[in-house]
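This report goes through selected side-chain contacts, a strand pairing and a surface patch. Please keep the sequence and the structure in view while reading.

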Amino acid sequence: ATAAMFAVGAGILLYNLIRASIYQQVDERLRVQTLAITTATKQEDGFVAVYFSDRYLREFDDVSATRFYQIWSSIPVGWREWDETLRSDSLDDHESLPRLTGTLREPKYWNLTLPNGKPGRAIGLRFHPQASRQAAFKPNPELNADIVVAEDLSSLNATLARIRARISAVI
């Protein structure tokens, strides 16, 4: 009985360590993608320009959407005629991601149900869009924008289920 309890405890510990390691990799990938998008987001005269296309990261415009992003600002995002939000092509016009944010140093990570109904993981942060150095206007030092990037965890959850089953079989 003691050996069985030890084996079960070791199996649970092993699974949780593997799961935490995998989630850490997912969080790092989300952070890098978010920083890539924020770097391509610039303050212009009266609007926030996003010099980023879903075509840059193919995961955002797959036929079966697996990645999503959304940017919010207090001024129009895009090319003046857009609303105060910009969404990836993988989000329909009526869908939105939850607007939860941390900071650049301490982003907020959370699990969620994606607009496609699948489980996902998201990162949210608030950032200050920079103006180009040659800007012919005075940049607004108070301007902030929020970004949320999320990805589908369906395949990851399936992998974790297989690991869980194999650990259980070994025990």
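## Salt bridges

In this predicted model, a search of the whole structure finds seven salt bridges. One of them joins the side chains of arginine 31 and glutamate 28, with a distance of 2.8 Å from N to O. Both arginine 31 and glutamate 28 belong to helix 1 (residues 2-39), where they are three residues apart, or about one turn of the helix. Arginine 31 counts as partly exposed, because its relative accessibility is 28%, and glutamate 28 is likewise classed as partly exposed at 36%.

## Contacts between distant parts of the chain

A salt bridge is also formed by the side chains of arginine 29 and glutamate 151, at 2.8 Å from N to O. This pair links distant parts of the chain, since arginine 29 is in helix 1 and glutamate 151 is in strand 8 (residues 145-152), 122 residues apart. Arginine 29 is partly exposed, with a relative accessible area of 34%, whereas glutamate 151, at 4% relative accessibility, counts as buried.

Arginine 99 counts as partly exposed at 46% relative accessibility, while aspartate 146 counts as buried because its value is 3%, and buried means under 20%. Salt bridges that share partners join Arg29, Arg67 and Glu151 into one network.

## The hairpin of strands 1 and 2

Strand 1 (residues 41-44) and strand 2 run antiparallel and are joined by four bridges, and glutamine 43 stands opposite valine 48 of strand 2. The two strands form a hairpin with two residues between them, and glycine 46, which lies in the turn, has a positive phi of about 90°.

Along strand 2 (residues 47-50), Phe47 and Ala49 point one way and Val48 and Val50 point the other way, yet all of these residues are buried.

Conventions: Residues numbered from 1 in each chain as written. Predicted model: local features only at pLDDT ≥ 70, side-chain atom pairs only at ≥ 80, totals over all residues. Heavy atoms only, no water. Buried < 20%, exposed > 50% of the residue type's maximum accessible area, 1.4 Å probe, protein only. Pairing = 2+ DSSP bridges. Salt bridge = Lys/Arg side-chain N within 4 Å of Asp/Glu carboxyl O.
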